[in-house]
Amino acid sequence: MFSTKVCFRNDDVNSLTDPLMKLTEIFLKRKVPISHAVEPGNVTIDTIKWLKQLKSKDPRLIEIIQHGWNHTFHGKGEFGGRRTYEEQFMDLKRGKEKLESIFKEDFFPALTVPWDLYNQGTIRAANLLGFKVFCVHYDYRISRRLFYAIGHILRRGQLFGKSISHHLKYYPGTQILQVDTAISLIKKYFDLFGSECDFFSTEEVLAAFKRVRKFIPVVVFLLHHKYHQDESHFQLVNELLEELQHRKNIEFLDHSRIYEEYQEARGTHCLSNSMGRSFP
Ligand SMILES: [Zn+2]
């Protein structure tokens with residue numbers, strides 16, 4: 001049986017709430033890393049203190065990455081749409097600078113964007129600002145994989161406004177490794193801004209994992225702590241981790257370790273590019 005690496009990413013980290021603490025506690029107790037995508041413009045002092053404490057106690061179990069700037073909805077999403085390169089650059093820059101100044105080397109420069117929406121201006125800005133990882137979404141369905149294959153041949157990050165997943169490869173024209181989420185625990189959101197949703201069952205999530213791992217060696221699960229409002233939602237996470245931890249061929253890691261492992265591809269990529277180029 002082939003082995004799969006698994007990563008858990010939790011978005012929308014701002015205030016220090018019970019769901020945030022309770023969800024994190026499950027991961028800490030089980031010694032499974034959780035990657036918190038922090039909203040730099042909204043993160044509170046309490047959350048900062050809490051994250052720093054956790055990180056100093058269990059550095060390998062807590063990862064701090066960036067989730068946009070402040071989750072403002074600009075018509076389509078926080079990024080992309082009609083927003084200019086300059087506007088997006090300023091938001092990403094102030095977000096990254098804030099997280100770097102607060103968390104120093106405990107911040108890993110991976111960027112996730114609210115609602116997975118972005119445009120080429122977002123990517124250009126992220127690349128210039130030195131983000132190492134960019135995260136959107138990988139969809140394993142055959143129609144999407146065919147669409148991605150076309151995008152890979154054309155070396156495009158987006159086609160007709162839709163994302164091409166370059167999961168575990170460099171986003172075309174950048175120095176940024178793309179690490180996409182493949183499985184969400186949430187089946188349906190009832191609105192863009194609330195905390196009401198339908199979750200998948202543990203069996204449904206495990207069935208999705210069984211399918212997805214046939215196509216990609218690193219599977220990222222997406223969590224949104226604010227939707228975990230009752231005990232059954234935490235139970236789902238517990239059962240999922242219990243099941244995954246009992247399998248021998250699964251390794252848990254975070255974005256920085258995925259980057260360490262897959263950045264080698266960049267070395268090869270740069271080498272072949274430079275070898276193919278005629279020097280002036
Ligand atoms: Zn978000």
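**The chain as a whole**

What you see is a predicted model, and the secondary structure of the protein chain comes to nine helices and 13 strands.

Let me begin with overall dimensions. Along its principal axes, the C-alpha trace spans about 65 × 45 × 35 Å. The radius of gyration of the protein chain is 18 Å. A compact globule of 280 residues would have a value near 19 Å, so the two agree.

How much of the chain is buried? Of the 280 residues, buried ones make up 36%.

Next, the contacts. Take those in the protein chain between residues at least 6 apart in sequence: 76% of them join residues at least 24 apart.

**One helix pair**

Now the two helices. Two packed helices are described by the angle between their axes and the distance between the axes. Here the pair is α3, residues 85-103, and α4, residues 120-128. Their axes lie 8 Å apart, and the packing angle is about 45 degrees. Angles under 35 degrees would count as roughly parallel and 65 to 115 as roughly perpendicular, and α3 and α4 are therefore oblique to each other. The crossing of α3 past α4 is right-handed.

Which residues make the contact? On the α3 side they are Y85, Q88, F89 and L92. From α4 come G121, T122, R124, A125 and A126. By type, the residues of this contact divide into five nonpolar, three polar and one charged.

That is the end of the tour.

How values were computed
Residues numbered from 1 in each chain as written. Predicted model: local features only at pLDDT ≥ 70, side-chain atom pairs only at ≥ 80, totals over all residues. Helix = DSSP H or I, 4+ residues; strand = E, 2+ residues; numbered from the N terminus. Rg over C-alpha atoms; globule rule 2.2 N^0.38 Å. Buried ≥ 20, exposed ≤ 12 C-beta atoms within 10 Å, placed from the backbone. Contact = placed C-beta atoms within 7 Å. Axes fitted to C-alpha atoms, helices over the stretch in contact; angles between N-to-C directions. Parallel < 35°, antiparallel > 145°, perpendicular 65-115°, else oblique. Left-handed = near helix turned anticlockwise from the far one by under 90°. Nonpolar A, V, L, I, M, F, W, Y, C, P; charged D, E, K, R; others polar.
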